[in-house]
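Walk through this chain one part at a time.

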Amino acid sequence: MPGPPRDRVKGRLLRLYGALLGRFGHQRWWPGRTPYEVAVGAVLTQHTAWVNAARAIEALRSRRLLTPARVAALQVSELARVIRPAGTHRVKARRLKALTRWLLERLGERFDLMRTAPLGPLRRSLLEIPGLGPETADAILLYAVGRPVFVADAYARRVLARHRLIGPAAGYEEARAWLEAHLPSDPGLFNEFHALLVAVGKSHCRTLPHCHDCPLRPDLRGRAPAR
Ligand code: SF4
């Protein structure tokens, strides 16, 4: 008896993953000593390079402020002053306060509850926090607490669209659902694959694609990348 039809897209995605891993190696994302630090980093890196977010995290750490209780006790203006290196510091201070309030009220600082809570309601609740879009919420879910959500950011969507796997106008939610439908529901895989897509997005798949020495070139099968 023939088995169930094989998911060719899955095979293709896993080949892309293998090619990226072979070229770039493990990315070891996301830097952070605690789940709270990872969540703070996800907010601080919004609209800025990671190096700026890392400076703001270091400023918080050196003042021993990297706990929900300490951030909750700060005035927004004080917090903004400390995280200034991350840019748009007043906006991000309000977002960090809102995220921290949510954590304290909903989980009482027990991040481990996020590892087992039903994923759909948890994600919807995170998305209600002012200033937390899906990309930030999913980065927290995946990188802070290891839930199987794919961070389908602009880097990922650009590669997938250029390889005609998704449409050029596919938005965040469409791409996330598509990736999650075609990949094994494995947070470790999602973590590494997303980090590798960012790596190739920065090194090769930029505004103008540099396909000639890109590890994903064989997948184009002689065709030019889709526009
Ligand atoms: S640079 Fe070219 S080969 Fe590499 S991911 Fe982008 S479109 Fe694909």
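In which loop does Arg64 lie? Arg64 belongs to the loop between helix H3 (50-62) and helix H4 (68-73); helices (H or I, at least four residues) and strands (E, at least two) are DSSP runs, numbered from the N terminus. Its phi is near 55 degrees, a positive value in a residue other than glycine. Arg64 is exposed, with a relative accessible area of 63%, where buried means under 20%, exposed over 50% and partly exposed in between (1.4 Å probe, protein chains only).

The model is predicted, and local features need pLDDT of at least 70, side-chain atom pairs count only at pLDDT 80 or more, and totals for chains, interfaces and linings use all residues. Residues are numbered from 1 along each chain as its sequence is written, and side-chain values use heavy atoms, with hydrogens and water left out.

The chain is assigned domain 1 (8-28 + 150-220) and domain 2 (35-144), with bounds that come from an automatic or database domain assignment. The domain centres, taken over C-alpha atoms, are separated by 26 Å. To the contact (heavy atoms within 4.5 Å), domain 1 gives 11 residues and domain 2 gives 7 residues. Between them the domains bury about 730 Å², 61% of it on carbon and sulfur atoms; buried area is the accessible area (1.4 Å probe) that two parts lose on being put together, summed over both. On the domain 1 side, Val151, Tyr172 and Asn191 lose the most area to domain 2, together 53% of what that side buries.

Helix H1 (residues 8-24) has 17 residues and spans 24 Å from its first C-alpha to its last, close to the 24 Å expected at 1.5 Å a residue; the expected span is 1.5 Å times one less than the number of residues. Its buried residues are Arg12, Leu13, Leu16, Tyr17 and Leu20. They lie on the same side of H1 because they cover an arc of only 140 degrees around the axis, the arc being that of the directions from the helix axis to the C-beta atoms. An α-helix has 3.6 residues a turn, so residues three or four places apart point the same way. The opposite face of H1, turned away from the buried side, carries the exposed residues Arg8, Arg15 and Gly22. Arg8 has 75% relative accessibility. Among the elements that cover the buried residues of H1 are helix H10 (154-162), helix H11 (172-182) and helix H12 (187-203). At the N-terminal end, Asp7 caps H1, with a side-chain oxygen 3.0 Å from the backbone nitrogen of Val9. Just after H1, Gly25 has a positive phi of about 75 degrees.

H11 also has a buried side, made up of Tyr172, Ala175, Arg176, Trp178, Leu179 and His182. These residues sit on the same side of H11 because their arc around the axis is only 165 degrees. Exposed Glu174 and Ala181 are on the face turned away from it. The cover over the buried residues of H11 includes H1, H8, helix H9 (134-144) and H10.

Further backbone features are found in loops. Arg164, in the loop between H10 and H11, has a positive phi near 60 degrees and is partly exposed at 39% relative accessibility.

Notes
Polar contact = N/O pair within 3.5 Å; in protein donor to acceptor, adjacent residues only side chain to side chain.
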